[in-house]
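Dear colleague,

I am handing over the structure below, and after it I set out what was found in it. Please read the notes with the model open beside them.

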Amino acid sequence: MSDWISAPAGPLRGELRVPGDKSISHRAIMLAAIAEGTSRISGFLEGEDTRATARAFAQMGVRIDAPQASERIVHGVGLHGLRAAPKSIDCGNAGTGMRLLTGLLAGQRFDSTLIGDESLSRRPMRRVIEPLSRMGAKIDAAEGGTPPLHICGKRTLCGIGYELPVASAQVKSAILLAGLYAQGETRVREPHPTRDYTERMLAAFGWPIEFAPGRARLSGGHRLCATDIDVPADFSSAAFFLVAASLVPGSELTLHAVGINPRRTGLLSALRLMGADIRESNARCLGGEPVADLIVRHAPLHGIEVPVEIVPDMIDEFPILFVAAAAAGGATRIRDAAELRVKESDRIAVMAKGLRELGIRIEETPDGAIIIGGKFVGGEVDSAGDHRCAMSFAVAGLLARDAVRIRDCANVATSFPGFFELACATGFGLAE
Ligand code: S3P
């Protein structure tokens with residue numbers, strides 16, 4: 001188990017590019033693998049999660065070359081060209097990998113078994129099993145609806161119209177990927193619009209699809225044509241630096257080519273409401289996605305009531321928002337965020353416990369928290385093996401009176417390989 005020590009430090013200064021977007025990297029491998037022809041993926045995230053997805057397709061007979069770091073050449077086998085994996089497919093820590101693969105594998109002519117690490121093995125899978133079963137899939141899970149998942153092949157799938165009970169891009173994407181193999185039309189509607197990368201990328205690979213915020217529809221029976229994908233820098237990885245530089249006096253950082261798809265940037269709105277000074281410059285399109293350079297300068301933050309309508313647009317950013325709120329003046333209230341309890345960890349519980357250890361007053365609620373801004377005293381916290389909680393506590397350490405020891409940081413490599421080095425280069429006081 002790897003522990004980190006984050007000591008008070010700063011200011012943070014410099015220019016950096018954080019690694020490629022995790023959501024887009026997973027989808028790029030998946031669609032390129034079942035497309036016809038050869039696709040090049042640039043800016044691919046070399047994280048453990050996305051590498052596990054690439055390994056899964058290699059196990060199913062797809063040749064994937066890595067001519068250099070962050071680049072993949074995928075030799076697509078076509079919609080029906082995958083072969084049964086010789087053994088269980090290990091998705092590691094990746095909920096996105098497992099849920100999207102479940103949809104894609106439900107339409108194959110062979111059986112598959114998906115397994116994951118300790119955290120993934122606790123995560124709810126009924127949310128995908130239920131709609132996919134309605135389409136005609138047969139998927140067995142462990143008692144409680146958790147992995148391992150056994151997905152039966154040779155099923156005839158039929159399109160459905162499905163209203164998602166929770167706003168989840170993973171569930172939506174699993175249904176759409178199964179819909180590629182289904183007879184007739186597949187339609188999904190969401191209670192709140194979520195990231196639309198699957199829809200955009202299906203269109204980029206030439207699959208006819210209609211979509212608008214909160215809904216999508218496609219029919220089976222078409223083909224995917226290879227294309228090249230440029231992956232923007234991951235907003236969720238940029239988020240740690242946006243908050244760190246906002247909080248540490250004298251800081252100024254420029255983050256290059258960050259994906260600013262509005263379904264991902266709820267944290268920008270929240271931080272600006274709190275008083276942050278973050279500017280977007282050089283806005284452009286990269287691989288069909290909006291990107292910009294983000295320039296963040298220190299500014300005093302104050303507590304807010306997080307608007308519930310932006311919660312799904314910042315669903316991965318709550319651990320770092322907890323830290324921003326804990327260092328801001330006054331109270332911050334978070335509501336309507338119960339999904340945080342079923343992420344890589346129960347992020348409400350893990351962040352509340354850690355911040356309390358650091359001397360912050362925080363009240364947990366079933367679907368959020370009330371955080372009273374204060375001073376971090378330092379001490380020892382447990383990330384519970386959750387990459388985003390570990391990096392968030394590293395930011396808290398920057399501002400603490402004494403150093404913060406963070407337990408169990410190895411999983412940072414699932415989404416942000418090189419965080420430690422990049423953080424040190426910008427002025428963090430991190431040690432192992
Ligand atoms: C993701 C969707 C979100 C997010 C996850 C990535 C995706 O999960 O938390 O990190 O790539 O589709 P949910 O669909 O469970 O909200």
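A residue is called buried here when its relative accessible area is under 20%, exposed when over 50%, and partly exposed in between (1.4 Å probe, protein chains only). By that criterion Phe416 and Phe419 are both buried. The model is predicted, so local features need pLDDT of at least 70 and side-chain atom pairs count only at pLDDT 80 or more, while totals for chains, interfaces and linings use all residues. Residues are numbered from 1 along each chain as its sequence is written, and side-chain values use heavy atoms, with hydrogens and water left out.

Aromatic rings

The structure holds eight aromatic pairs, where rings of Phe, Tyr and Trp (its six-membered ring) pair if their centres lie within 6.5 Å, and planes under 30 degrees apart count as stacked, over 60 as edge-to-face and the rest as tilted. One of them joins Phe241 and Phe419, a tilted pair at 5.8 Å centre to centre with 50° between the planes. Because Phe241 lies in helix H7 (residues 235–247) and Phe419 in helix H13 (residues 419–426), this pair ties together parts that are 178 residues apart in sequence; helices (H or I, at least four residues) and strands (E, at least two) are DSSP runs, numbered from the N terminus. Phe241 counts as buried at 0% relative accessibility, and Phe419 has a relative accessible area of 1%. Phe419 also pairs with Phe416, edge-to-face because the planes are at 70°, with the ring centres 5.2 Å apart. One aromatic cluster takes in Trp4, Phe240, Phe241, Phe416, Phe419, Phe420 and Phe428.

Best regards
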